[in-house]
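Keep the structure open as you read.

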Amino acid sequence: MASEYLTNKWKMWFKWLDINKDGKLDSKDMNAARERFVELNDFDAVKTKAAMDIFENWWKDFIFRGKVELSEEEFIESMNEGFKTDKDEFIERMRRCFQVAFNVVDINSEQNIDEEEFIVGFRTSGHENIELNKKFFEMYNPKKGLVSVHDLVESWVQFTTSEDMSKHDIVKAAFELGV
Ligand SMILES: [Ca+2]
Ligand SMILES: [Ca+2]
């Protein structure tokens with residue numbers, strides 16, 4: 001089993017993904033996220049369809065992985081299995097997972113995220129506290145108001161794969177702030 005430190009971070013991520021807070025991940029969470037995203041961005045029909053497909057595939061490929069519903073325990077098991085079977089492959093999978101996610105958040109496709117995109121991205125997953133989202137954004141030390149998609153992706157890769165407690169973990173710190 002992965003260390004308690006990493007397992008606890010997976011539990012935090014589970015709570016994050018469980019948008020309707022019913023203790024399981026299923027299509028209701030996915031639908032809530034994508035509908036909110038489309039709503040916040042005021043998309044036309046073509047963009048809406050594209051976003052719907054990307055969200056569906058993201059949940060299928062990176063979260064459900066053959067299941068239609070996951071309890072917290074099942075989610076932790078699934079993460080742990082990937083981590084223990086082939087850690088390098090698991091890290092690469094998480095990297096793809098967050099690259100796809102932040103490509104969606106990066107509305108103008110410039111491979112960097114401004115504060116507005118960041119806030120919309122987090123409001124999509126039910127994190128509506130704008131002041132906390134702004135604090136989270138500031139933790140990345142934005143340059144000229146921008147954080148690169150690369151830095152954001154790597155922070156989430158660290159959050160979901162690193163057992164090294166000595167290394168500052170921005171995502172974990174943000175969750176502990178109450179984001
Ligand atoms: Ca749920
Ligand atoms: Ca952008």
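Helix α8 (residues 149–161) and α9 cross at roughly 80°, and their axes come within 7 Å. Here axes are lines fitted to C-alpha atoms, for helices over the stretch in contact, and angles run from 0 to 180 degrees between N-to-C directions. α8 and α9 are therefore roughly perpendicular to each other, the word for 65 to 115 degrees; under 35 counts as roughly parallel, over 145 as roughly antiparallel, and the rest as oblique. On the α8 side the contact uses Ser155, Trp156 and Phe159, and on the α9 side Ile170, Val171 and Lys172; contact means C-beta atoms, placed from the backbone, within 7 Å. By class that is four nonpolar, one polar and one charged, where Ala, Val, Leu, Ile, Met, Phe, Trp, Tyr, Cys and Pro count as nonpolar, Asp, Glu, Lys and Arg as charged, and the others, Gly among them, as polar.

A word on the ground rules: this is a predicted model, in which local features need pLDDT of at least 70 and side-chain atom pairs count only at pLDDT 80 or more, while totals for chains, interfaces and linings use all residues. Residues are numbered from 1 along each chain as its sequence is written, and chains are lettered from A and ligands numbered from 1 in the order in which they are written. Helices (H or I, at least four residues) and strands (E, at least two) are DSSP runs, numbered from the N terminus.

Staying with α9 (residues 170–177), look for glutamate 176. Glutamate 176 counts as exposed because it has 10 C-beta neighbours inside 10 Å; the cut-offs are 12 or fewer for exposed, 20 or more for buried, and partly exposed in between. From glutamate 176 to glutamate 131 is 45 residues in sequence and 15 Å in space, C-alpha to C-alpha.

Now for α6 (residues 115–124), whose buried residues are Glu117, Phe118, Ile119, Gly121, Phe122 and Thr124. They pack against α2 (27–41), α5 (87–105), β3 (112–114) and α7 (130–138). With α7, the packing angle is about 125° and the axes are 10 Å apart, which makes α6 oblique to α7. Glu115, Phe118, Ile119 and Phe122 of α6 meet Ile130, Asn133, Lys134 and Phe137 of α7.

Finally, the backbone. Most residues other than glycine have a negative phi. Serine 109, in the loop between α5 and β3, has a positive phi near 50°. Lysine 144 also isn't a glycine, and its phi is positive at about 50°.

Conventions. Contact = placed C-beta atoms within 7 Å.
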